[in-house]
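Let's take a walk through a protein structure together. Have a look at the sequence and the 3D view, then read on.

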Amino acid sequence: MTIGQGQYALLGAVVFAIGLYGVLARRHPLGVVMALGLLFAAPVITLAGFTNVTQNVQQLPLGGALSVMAIIATTCACSLGFALVVLLWRRSGRADVDALGDVEG
Amino acid sequence: MAIYNAAWAIPLLPLLGALLSFGVESQRRAAQMCVVFSGLSFMVAAILLAVRATHASAGPFVSLVTFFSMLPPEGTIFTSQFQAQVGIQVDALSASFAAAIAFATLLVQAYALTAMRGEAGFRRFFWASSLLAVGTIGFVLSPNLFDSLIMWMGATAGLYLLVSLGWQRSDNALRAMRVMVVLTAGDIALTLGVLFSWIKFGAFSSLLAAPVGQTIADPFSFNVISQAVVSTTHGSVAGAGPRALAVMGIVFVVAALVRSAQFPFHLWLSDAAGAAIPVLALAAATVAPLGLFLLARVYPVLAHAPRVLPVLALVGAVSAVLTAAVGVTHRNVRSIAVCAVVSELGLGLAALGMGGYSPGLFIAFTSVLMSTLLILVIGNLIRVYRTDDIFEMGGAWPKVRATSTALGAWALLACGLGLSSYFALSAAFSGADPAGGRFSAPERGAVTVALVIAATLGALLAGRLLLTIAGGAVVRRRGFQHDRVADPEPGLRRPVWLALVAAVVAVVIGVPGLQFVFYGNRHQVIGFSVVAALVALLTLACGVGVAVLLYAPARRATARPWMAPWALRALEEGLYVEWVTQSAMQPLLVVASRVSSFDDQVTASLAASVGESADLAAGRVATLEKTRSARYLAGGLIVIAVLTLLSVLAATGHLWVHVA
Amino acid sequence: MNLTPLWLALLPETSLVVAAAVSAIVSLALPQLRPGIHRWIACLGLVISLAACGLVLLSLRHVLSGVAITVSNGGFVVDSFALFIAILACVTALVTCLISDTAVRRIPSRMSAFYALVLVATAAAEAIAAQRDMVTFFIALTLLLVSLVALGALVKTDPRGGVSSFEHLVEGIVGTAAALYGLVLLYGVTGSTDLAAVARAAGAAPGAVALGVGLLLLGLCATLGIFPLRQWVGRVASSVPAGAAGFILAMSLIGGGAALARVTVSGFGPGVGIWRWLVPIIAAVALAHASLNALRETTISRLLAQLVSAQAAMLLLGLIAFTTGSRALPAYGMTAFLAALGVTAIATVAAFGVLAMLQVAGIGDAIGDLRGLAHRSAPAALMLTIAIATLAGVPPLAGFLSRVLLIASATDTHYGWLAIVAIASTLLTIIAAIRCVGLFYAEAGSEAPFTLGATPVISRVVAGAACLAGVVLVVLIQPLLAVATAGAGPLR
Amino acid sequence: MSVILSAIVWTPTLFAVIALFLPERDEEERGRVRTIAVVGAGISFLVTTLFAVLGQIVLAAGGGLAGAYQENHAWFWNFLFRAYYDLTADGMTLPLLVVTTTVFGCAIFHSWKIHERVRLYVILVLLLETAVNGVLCSADFVLFAVFWGLLLVPMYLLIRVWGGPGARRASAWFAGFHTLSFVMIVATVAIIIVAAGNSSSAMTADLKTFSVAAETAGFWLSFAAFGIAMAIFPLHTWMVEAQSKASPGVAAILSGTMLMLGAYGMMRISLVVFPSAAHYYSFAITGLAVVGAFWGSIGAVRQDELRRFIAYMNVAQMSMVLLAIGAQTSVALVGAILLLAAHGFASAMLTLVSGAVEERTRTTSIRAMGGLVAQAPRLAGFWLVAAFSVIGFPALAGFTADFMVFAGSFPAHRIATVLVMASVIITTGGLLWVANRVFFGPPRDQFVRVPDVSFLDLTVLIPLVGAVLLFGIRAGAIVPVISNGVLEITTRIASG
């Protein structure tokens, strides 16, 4: 079988679903942040698939550009997330999303 | 004539007096101020009356100022300019009544100067009575229905102020409220009549030529109404027919019945009887006759409305019978006086109803002065005997000579020599329908029977009052020095004398043979009818005789020194007087007591129950006014609003998402 | 067709970035300088940016299309809409800079970073308004999100600040990722990163387009702070110092609004039907959710957040009404949208500025703590009243007027049912606001009176002026509308 | 273009802003605040009366509505409709303006009886005056809605802050009902301008014809909205609560001007804009009027609280206005405007007198009072004057109003008119009954020390009495003015 758009889209969807599940279900902030990374990964995968399958209308590597941008964005967002987690850990000594919610109390 | 413009002063002078009396600090000076101005207004009225009497046949003089006016644009509904005017109309009728009422007011105020000295509401009585005079005299002089309405309501307000004088006692306050409410019902009826006549005759009046000195023919004015009625009977007024006339007439009759305190509306007068004597005098003498006066003003409507007049006659006669019967059985002198006044007015209504325009007005006219006389007299008696119960008085002839003389004079006038019964009966016998023809025999018969009974009972009432009070010796009761009984001070006697003179003069003028010059160019004279005179004399005799037999101080020989006992005995045995009395008169008395008990039990309780039911309904409403129901209402409102909006949006196509 | 030189067109953004860089360098090179300097650097940058916008507008006087310059074949376009958003963002940031130093006074070491982030966020918002291409759009969106989250985390004084910005980050990233996913799907369908191309390809693969558009809109909801992804609004409002929280909410609102306008109106256009179904439904749900929540809030900051969110949802009414209305006239939805955006942004900053003063004065956050505020400090009560009333749309203030404009435009374009929902939610918000205000004035406050002296004069003056804007804009609504019409020009 | 209307509308606000910056630490400073407020309201009052008198002369001379006392500035136009800052005072407005400015002046004089938070009180009252005058003057739908909305917060605070026990709930009722009525007005305006596709929100512009459904919905929406403000029968609970719980001055404003605003709006918008619907549903309106007349007058009889009684009297009076609105003849509408003026003065008097009585007897229960004439005859006199005006006695403001209302309604709806007239009897009974229970009857010794009206009460009450007499005796001068204003409505109804 050939790998076409559909397969890429499917894979991306699966990854996105996993990431969403992680965001909602993980209790540990680090896990949440990693799930966020997955969330970003999903569209990138799809994008990559599309770019190399479809013939670009404009003669510019716009898809690639978009994917690169997405990866950069993922990186800085996740780094910010990690920084926050560390900071929270240092302050409250607890690492649990629900518990963090309690801190607000 | 220019002098007629002086008629403006007749109602305005008392008003001026009332206003000026506020500026005076001493109570007595304020009172005298009011009295002086009432006197001035009476003088003007007398002069006008004299002038008018010399030009009896001249047309009425009218002078108007516009209160407010507007031109409604809807030609379909209001075809006439809406012009509300106040003013004066001087003709024989208004001149004579204005003089009489101004005189009565003057007398009562003069009487009150002494009678109410030292009472709480002294000052208030005088300015309030002056305001009442403004209302009553203004009503008499008013040229159109709108002005009449204003003055009529003003009289109501003044009467309320007067009756609520004794506010310290809460039952007095309650009385005042009841008077006010009952009279307000009459005011509403009159308002309806005014509106209805305007709606019906406005179009007609806009067709008429405007009188000199006016912009339009005022649809409210009385002569426009009479013209309109005449042409309505010819079917030449759009949208008005016999039915409209009948409705109008009934409304006016209701208003008049309320105002002249006919059965069962006599409640307000007997409520007013609870107040001070001058207040009662003003109410009975100057307010109650206005009902008849109103009917006289709108007489064309009644005359041409089908079947309204006979009904009016019957109602008047019956209420005269009932009230007279009530009066016969009462012990309270105030109530007896009220009943006498009301039955007198009832006779007048009956006369009006039987087409006797002049007789009815004659009765109303005389009743103004006779009522003043009667009530001032009983005021003196109450003052002397310190009681309201006629069976606790007695012996007035030897002790209280002047007052009992006046009472006797009144009794004579009232029991038939005042000609009221004669004129009522003559009207009934002639039974000339002003619309033409005569009333049907059953109607005339019924009215006649009722009138005969009423006249008899009236005579009986008068005789009973006189004999019980004047005859015999002073009743002894504890805590009352019966030997100190004497005539009251002159300040209370002079007004009585004046009233007596005026009443007699008024009656004498009415003796047949003299024209009713007071009643203007309307030369409708019912010829002297012998039958009526005889019947009237008969009723007089019956009434007085029964009164003598029943209430004369009993067979004490000493009572009649001028007749030997044996002669008396012979007379009685010869005439079977005992038998006649027992067999003939007892049933009548039984009926009378029945009626009075009916009055006590049914009429009073009817009024009470009306109040009760209003209170009950108020209770229901109060229970409904809980916040929960309010919440339901609010919620329902929201739902309705949203549903309305949704419906319109659905209908106007705003409810679906519009995809371009 | 480029009437404006490139440098001038780019000056608004660049000046902000440069100012941010300068203040960073200053803080590194000359740490002994008193930290207050950074505020003035930031203000300078903002003023320059404003001036640049003014210059571009000047060059735009006679251009009917309202497009000043287009670079990288449509990826980046400077038109009057972008300028409107830029001016609005700059004003918001300027006000924030002037009233927010109480928020950063306690962290002098991070002051430069704070202002740098403010500038960057402003620049990002302006960039969002200026893009018409997926790439730049995505960059600007992410930049806005990251800088705002960092801002929130920066001024934290207690764990709550961190937690709230973590929440913000999570929801924001979920939103951004969803948006990116949607963009990718659209790209896959159209094979182009030009958003305007989507309309052309809508017929080809309706399902994919629908999915992409839906994801994109849901993602932007997080930035706008309305229903599906709006937890962070309340959290940030209640736990970040008010001075900064106001800026975060306002700037996120501006950016999200600009992004939505660009993506939907000038990107998809009426050709893509799906979003014209989806946006009203989102708006209705978000309106109901926010206004119902506003009724049961117990802390003033969260109440303000709910009101802001409700107003943001209200903005969508203007968004959907941009073609011809029920009459032949063109619909004025975008005009109403931009005017309301301006009013809301200013009112948000003002409200949180007053809140910041109260926090500095040591007043608790619970609504109950504000009982009898009028006794204790009449000016504070007055300003807070005006701000809340403006946000809640209490007549006759500017918030109410903007709502009237939005509702009218929605009714005009056959969204009557949405207008009913909006009116109902206005009822709820008005009642909530009146309740709160009644508490200020009615209850006799037991606590001692206080003054706002702890806040510097300039902050008080600026906050008061910002509150007053809610009143002044009622009289001067016409200039605002004129500018908004000009800004909406290129979108139609 | 004259600024006289703007002066009437905005002078109170100006002085409110001045008062905002005055201190109120001690009694002297409070006195200063009150004086400033009195000056503000007084200027507005003087301008109004002079201007109303002038307008009377001009308009009655046949000037008509066109161009008379109009201020028209474009407000905003870069939108799908143009809105104007358009203030117009025609014959309908002028008498009501006199009433409002008078009542507000009295309310501010009444502030001398208030000793805590005087500044806030006068500021709110002045803002409220601006709002009320603005609603009366505005001739643009959006402007109307804006001024109407300006009523909400000040009245809410006035009721809640200075009200007695239970004022909290009353103010909540007020806020709920009036916010509802306000948003309904906004919806009505949306229907008028947008749904009908008008490109201008000026009231004077000739509106496009509505579809039947739009007409129906707009009419009923506006009817419900103004019905709330007017406190007609099913929607009167808020008024009863507020009237009985608010402080006397505020209650006087409430029953003197708020209800009037509702009726005014009903005439201005429900009748003028939706004439055919108003004509079509006139039977329903008169039915409501009849029910309300009896409900109010009967409900009043049982009340034990003095001001609840007055509230029900208001309901009865407003039902008479509603009867006129249902009749829609020019005579009836002129009478309705007169009745609004009369009711404004009379009910303000009743409220202030009852406030004075409560303040003296320290109770609100009618049962606990009695025999007050002995101590306070003047107070009783004021009560009786107001009561007679309500009953509609000649030479008082109520008479001409009632007569014209009945005269105008009778041809249109005979049965309803007769029924409402009958309800007047109950009203009479109720008013006099209360007079009996409160003022008459045996003097009670716990009230021996009760003083008669103070100088302050006189300053508040005498102008009202004067106004009642003036409107009663010189009705002829004011009627042509009002009919000038009413012509617009009747012509629209006749045409539509």
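This is a predicted model: local features need pLDDT of at least 70, side-chain atom pairs count only at pLDDT 80 or more; totals for chains, interfaces and linings use all residues.

Chain B has 660 residues, and 59% of them are buried. Its secondary structure consists of 24 helices and 2 strands. Among contacts in chain B with a separation of 6 or more, 80% involve residues 24 or more positions apart.

You'll find L369(B) in helix α15, which covers residues 357-385 of chain B. With a relative accessible area of 5%, L369(B) is buried, because the cut-off for that is under 20%. Now look for A104(B): it sits 265 residues from L369(B) in sequence, yet their C-alpha atoms are 6.6 Å apart. Leaving aside residues up to four places away in sequence, L369(B) touches A100(B), F103(B), A502(B), A503(B) and A506(B).

## Where chain B meets chain D

How many residues of chain B are in contact with chain D? The count is 64 residues of chain B against 72 residues of chain D. Together the two chains bury about 5500 Å², with 82% of that on carbon and sulfur atoms. As for salt bridges across this interface, the rule finds 0.

Which parts of chain B supply at least two residues each to the side that touches chain D? They are β1 (61-70), α5 (145-163), α6 (170-207), α23 (577-624) and α24 (627-652). The largest share comes from α6(B), with 18 residues. Sorted by class, this side of chain B has 45 nonpolar, 13 polar and 6 charged residues.

## Charged pairs

Side chains of opposite charge can pair when their charged atoms come close. Over all chains, the structure holds 23 salt bridges. One of them links R178(B) and D271(B), whose closest N and O atoms are 3.3 Å apart. R178(B) is in helix α6 and D271(B) is in helix α9 (residues 267-272), so this pair ties together parts of chain B that are 93 residues apart in sequence. R178(B) is partly exposed at 35% relative accessible area, whereas D271(B) is buried at 7%.

Over in chain D, R360(D) forms a salt bridge with D457(D), and their closest N and O atoms are 3.0 Å apart. R360(D) belongs to helix α13 (residues 330-361) and D457(D) to helix α17 (residues 455-473), so parts of chain D that are 97 residues apart in sequence get tied together. R360(D) is buried, with a relative accessible area of 9%, and D457(D) is buried as well, at 6%. Salt bridges with shared partners join K113(D), E359(D), R360(D) and D457(D) into one network.

## Cysteines and a buried serine

How many disulfides are there over all chains? The count comes to 0. For C43(C), the nearest cysteine sulfur belongs to C97(C), 4.9 Å away. C43(C) counts as buried, at 8% relative accessibility. C106(D) is in no disulfide either, and its nearest cysteine sulfur, that of C137(D), is 19 Å away.

Last stop: S165(C), in helix α7 (residues 159-190) of chain C. At 2% relative accessibility, S165(C) counts as buried. Not counting residues up to four places away in sequence, S165(C) touches L84(A), V149(C), G152(C) and A153(C).

Note on methods: Residues are numbered from 1 along each chain as its sequence is written. Chains are lettered from A and ligands numbered from 1 in the order in which they are written. Side-chain values use heavy atoms; hydrogens and water are left out. Contact means heavy atoms within 4.5 Å. Buried area is the accessible area (1.4 Å probe) that two parts lose on being put together, summed over both. A salt bridge is a side-chain nitrogen of Lys or Arg within 4 Å of a carboxyl oxygen of Asp or Glu. Helices (H or I, at least four residues) and strands (E, at least two) are DSSP runs, numbered from the N terminus. Ala, Val, Leu, Ile, Met, Phe, Trp, Tyr, Cys and Pro count as nonpolar, Asp, Glu, Lys and Arg as charged, and the others, Gly among them, as polar. Buried means under 20% relative accessible area, exposed over 50%, partly exposed in between (1.4 Å probe, protein chains only). A disulfide is a pair of cysteine sulfur atoms within 2.5 Å.
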